[in-house]
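Dear colleague,

Please find below the sequence and the structure that I am handing over to you. My findings come after them.

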Number of protein chains: 6
Amino acid sequence: MSKFTHIDDHGNAIMVDVSEKNQTTRTSQAEGFVYMNDKTLAMVVEGSHKKGDVLAVARIAGIQAAKKTSDLIPLCHPLMLSSVKVDFDAQPEQGRIRVLSMCKLTGQTGVEMEALTAVSVACLTVYDMCKAVDKMMRIEGVRVLSKSGGKSGDWSVVND
Amino acid sequence: MSKFTHIDDHGNAIMVDVSEKNQTTRTSQAEGFVYMNDKTLAMVVEGSHKKGDVLAVARIAGIQAAKKTSDLIPLCHPLMLSSVKVDFDAQPEQGRIRVLSMCKLTGQTGVEMEALTAVSVACLTVYDMCKAVDKMMRIEGVRVLSKSGGKSGDWSVVND
Amino acid sequence: MSKFTHIDDHGNAIMVDVSEKNQTTRTSQAEGFVYMNDKTLAMVVEGSHKKGDVLAVARIAGIQAAKKTSDLIPLCHPLMLSSVKVDFDAQPEQGRIRVLSMCKLTGQTGVEMEALTAVSVACLTVYDMCKAVDKMMRIEGVRVLSKSGGKSGDWSVVND
Amino acid sequence: MSKFTHIDDHGNAIMVDVSEKNQTTRTSQAEGFVYMNDKTLAMVVEGSHKKGDVLAVARIAGIQAAKKTSDLIPLCHPLMLSSVKVDFDAQPEQGRIRVLSMCKLTGQTGVEMEALTAVSVACLTVYDMCKAVDKMMRIEGVRVLSKSGGKSGDWSVVND
Amino acid sequence: MSKFTHIDDHGNAIMVDVSEKNQTTRTSQAEGFVYMNDKTLAMVVEGSHKKGDVLAVARIAGIQAAKKTSDLIPLCHPLMLSSVKVDFDAQPEQGRIRVLSMCKLTGQTGVEMEALTAVSVACLTVYDMCKAVDKMMRIEGVRVLSKSGGKSGDWSVVND
Amino acid sequence: MSKFTHIDDHGNAIMVDVSEKNQTTRTSQAEGFVYMNDKTLAMVVEGSHKKGDVLAVARIAGIQAAKKTSDLIPLCHPLMLSSVKVDFDAQPEQGRIRVLSMCKLTGQTGVEMEALTAVSVACLTVYDMCKAVDKMMRIEGVRVLSKSGGKSGDWSVVND
């Protein structure tokens with residue numbers, strides 16, 4: 001029967017032993033969305049053509065957050081990311097900005113949590129920079145899109 | 001005309017000067033949801049009666065994350081939270097766990113970002129601990145529910 | 001003649017060069033004790049059957065501290081732990097809680113300091129959570145119990 | 001009846017609300033001991049007359065650790081220490097080095113945990129720098145010696 | 001006779017006691033320069049009109065570094081900056097980029113180190129992003145330009 | 001044509017993908033200078049024969065900063081340094097202290113930024129500890145002296 005790997009047989013939290021796992025190249029992509037009103041979204045998009053804009057700051061915040069994942073999430077292993085990318089796609093018709101991240105390393109554990117952390121903190125940073133003009137923003141749809149490498153094989157969300 | 005406070009007149013990112021703002025007691029509440037399949041949710045709920053469970057770990061992660069907000073979000077001010085709470089509510093009929101946070105301080109800036117960061121990292125920690133049994137989880141509806149204190153007055157989401 | 005490896009021939013502190021050491025699987029166990037009065041100990045033990053208890057928080061604090069060792073102890077190398085465990089054993093007859101840690105990695109340096117740091121911070125967290133009801137607690141007997149892997153071979157405390 | 005302040009009525013961990021507490025000057029002293037064999041102790045003492053010595057490094061580690069207390073101990077409040085001191089006293093007749101710390105701030109919470117964290121990390125640093133020549137060291141007697149300021153009044157260990 | 005405030009009468013490092021100092025508004029400005037060849041400088045300047053450019057990243061790095069000052073510099077006090085600004089001025093005729101920072105807080109210690117840390121890390125980030133095309137860059141002239149607030153009164157570099 | 005590796009084809013900041021690079025032993029040396037008046041320099045030099053002196057603290061700060069490089073500089077990869085050294089050379093005839101660092105690892109990226117960060121933070125720490133007696137210090141000449149390992153081959157500044 002499947003069970004939580006982060007909890008041992010006595011119900012205690014553990015950092016799973018990965019020392020027997022293979023060193024393989026592992027990647028993961030994640031996405032998330034910040035919903036905002038039309039005026040705010042227009043301001044973000046317009047700003048994206050100038051230096052110092054909202055998305056440039058959020059991109060850096062997301063990349064740095066990926067590197068802090070094991071400090072933020074108690075049972076995550078420390079690991080050495082070999083690549084992190086964070087991208088944005090303004091989708092005015094849906095009233096939102098899409099945030100997309102990709103993390104990669106050669107190591108013994110997957111990088112889904114790093115991809116999700118990058119997306120979450122990039123979304124929070126967009127929120128922070130826009131909150132003076134829009135109190136009703138919300139962050140939605142934070143999820144893993146795909147992962148590759150590791151024993152469980154490649155996997156991706158269908159139809160996305 | 002309203003504009004982004006984190007960007008100066010030349011389009012550059014700045015950490016806003018709050019030194020003229022009043023020291024007042026400020027609070028903020030935020031919420032978020034982790035959607036998961038029924039079996040995973042049942043495992044989380046069942047575990048919540050034992051030590052070392054998923055929600056106890058996520059609660060600590062959320063509290064610690066609130067204290068790291070200014071390190072994660074580039075233009076947030078460092079501040080000294082006087083209280084942080086993180087709570088959970090399993091909602092099996094909606095197939096989700098609700099995460100609720102409350103942050104409080106006496107200071108010159110609001111604590112919405114701290115409340116949102118606590119919720120986001122608590123959600124990510126739930127995700128991390130359950131991902132071995134459920135690949136399709138997603139984090140939804142991360143938003144501010146209310147804030148009090150500060151020049152802009154009290155505010156809360158209606159009908160919530 | 002044996003000498004301190006962290007100090008060079010001129011008496012200056014250095015981070016020892018380990019680049020010629022072998023990559024081997026290394027483990028270390030450490031222990032420590034928090035002494036407290038009977039009433040406090042009873043409250044901790046009783047709480048350990050409920051969520052949010054003292055030991056669940058201390059366990060997470062110890063695991064996270066192991067990951068911060070190279071940030072806390074100036075001449076420790078950064079390293080990537082592949083497993084961390086922290087356990088507790090209430091010993092009412094001795095008026096104390098025993099804290100036990102185990103750290104593991106495949107790398108070029110031993111993990112004694114990580115195991116000791118996990119124990120120390122778990123003890124401090126127990127202290128923090130109980131200090132409102134007991135001012136006379138003390139932390140005793142923090143030491144390495146065993147190590148394996150590395151050039152110096154396996155080693156363990158006798159009769160323990 | 002007295003109870004743990006870090007656990008709410010439902011048994012959940014919380015960061016206690018201190019926003020109603022007075023801003024007062026608060027100090028705390030703590031101590032701890034590193035036991036080692038005579039030869040190791042002689043090396044530490046001898047080294048203390050040269051630059052780069054064991055105790056100079058441990059002093060800095062202890063001071064820096066005091067500033068990280070709220071990052072290490074989950075339910076500690078972030079606070080702004082106004083003074084930290086760490087001192088050492090070699091006691092060859094007892095085969096040990098005594099570590100003494102003093103922390104001070106003007107704020108709403110006591111600084112016992114900061115003083116204890118400074119002592120613990122200074123002890124761990126001494127251990128780290130000497131472990132190549134002495135496998136049997138241990139850290140003992142980590143405790144609060146005194147505190148002043150705050151509602152509960154001044155307090156100190158008797159006969160010390 | 002004037003002496004180092006960070007060293008006590010026995011020659012030991014201390015974190016100076018500032019608890020008796022007044023809470024006043026304190027500001028400090030600092031500057032530094034990154035020298036690079038003409039081609040590299042042209043690439044930086046050109047990029048500054050696009051999103052994701054070198055200076056936008058360096059600005060964020062400098063702001064975040066100001067907040068980490070007490071973690072980087074052992075005897076600095078933790079403090080709560082109320083404002084941080086980092087600016088750049090390309091000076092092609094001198095073959096350099098000027099970095100200028102301003103830090104501000106209401107507190108008991110000056111913010112020169114925060115301003116200098118912001119400048120230093122912004123310079124290092126410019127270096128990092130350009131090093132693939134220019135191996136001979138160097139960082140020069142990092143200094144405090146002015147400070148205001150505090151017992152020692154206002155002060156600024158003459159002719160600058 | 002050469003271009004910035006930290007910026008992609010759309011002008012966005014990225015953390016470069018190094019997963020295809022070879023694991024090789026890489027070293028880098030960097031230097032920097034703190035200029036100060038004669039009296040201050042004499043105080044630093046004199047103190048260097050006692051415990052707790054300025055240079056002992058700056059050495060530790062430099063070593064610890066090298067380990068924090070990827071946290072300070074947004075697009076640097078996390079990596080596991082196998083050795084860090086920081087040294088000082090008082091040069092009274094030039095009115096300055098020279099700071100020299102050496103970093104080493106076996107990995108996929110160079111360690112120039114780590115060496116530069118160690119030098120910069122060691123310089124800042126010297127500045128911090130002397131600023132009470134000398135307001136006109138400045139940090140000059142921070143640069144890479146040599147690097148070895150990696151695809152681009154060995155390299156060093158000529159005539160140094």
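This is a predicted model: local features need pLDDT of at least 70, side-chain atom pairs count only at pLDDT 80 or more; totals for chains, interfaces and linings use all residues.

Chain A

Chain A contains four helices and five strands. Read from the N terminus, the order of these elements is β-α-α-α-β-β-α-β-β. The C-alpha trace of the chain spans about 50 × 30 × 30 Å along its principal axes. Of the 160 residues in chain A, 67% are buried. When contacts in this chain between residues at least 6 apart in sequence are considered, 69% of them join residues at least 24 apart.

Annotated positions

An unreviewed UniProt entry lists A:Asp128 under "active site". This residue lies in helix α4 of chain A, which covers residues 112-130. A:Asp128 has a relative accessible area of 2% and is therefore buried. Apart from residues up to four places away in sequence, A:Asp128 touches B:His6, B:Ile73, B:Leu75, B:Cys76 and B:Met113.

Under "binding site", the unreviewed UniProt entry lists A:Leu75, A:Cys76, A:His77, A:Met113 and A:Glu114. These positions span 40 residues in sequence, but no two of their C-alpha atoms are more than 12.6 Å apart, so they gather at one spot.

Two of these listed residues were examined in detail. A:Leu75 sits in the loop between α3 (69-72) and β2 (83-91) of chain A, and with a relative accessible area of 1% it is buried. Beyond its neighbours within four places in sequence, the contacts of A:Leu75 include A:His6 and A:Met15 in chain A, B:Asp128 and B:Met129 in chain B, and C:Ile60, C:Ile63 and C:Lys67 in chain C. A:His77 is likewise found in the loop between α3 and β2 of chain A; its relative accessibility is 9%, so A:His77 counts as buried.

Chains C and D

The area buried between the two chains is about 4800 Å², and carbon and sulfur atoms give 69% of it. Two salt bridges are counted between chain C and chain D. D:Lys68 forms a salt bridge with C:Asp71, in which the closest N and O atoms are 3.1 Å apart.

Nonpolar core

The largest nonpolar core has 314 residues, and those that touch the most other members are A:Val126, B:Val126, C:Val126, D:Val126, E:Val126 and F:Val126. In chain B, setting aside neighbours within four places in sequence, B:Val126 is in contact with B:Val34, B:Met36, B:Val54, B:Leu55, B:Ala58, B:Phe88 and B:Ile97.

Cysteines

Over all chains, the structure holds zero disulfides. D:Cys123 is in no disulfide, and the nearest cysteine sulfur, that of D:Cys130, is 11 Å away. D:Cys123 counts as buried because its relative accessibility is 0%.

With kind regards

Notes: Residues are numbered from 1 along each chain as its sequence is written. Chains are lettered from A and ligands numbered from 1 in the order in which they are written. Side-chain values use heavy atoms; hydrogens and water are left out. A nonpolar core is a set of buried Ala, Val, Leu, Ile, Met, Phe, Trp, Tyr and Cys residues joined through side-chain atoms within 4.5 Å. Buried means under 20% relative accessible area, exposed over 50%, partly exposed in between (1.4 Å probe, protein chains only). Contact means heavy atoms within 4.5 Å. A disulfide is a pair of cysteine sulfur atoms within 2.5 Å. UniProt positions are given in the numbering used here, feature names are shortened, and annotations may be inferred rather than shown by experiment. Helices (H or I, at least four residues) and strands (E, at least two) are DSSP runs, numbered from the N terminus. Buried area is the accessible area (1.4 Å probe) that two parts lose on being put together, summed over both. A salt bridge is a side-chain nitrogen of Lys or Arg within 4 Å of a carboxyl oxygen of Asp or Glu.
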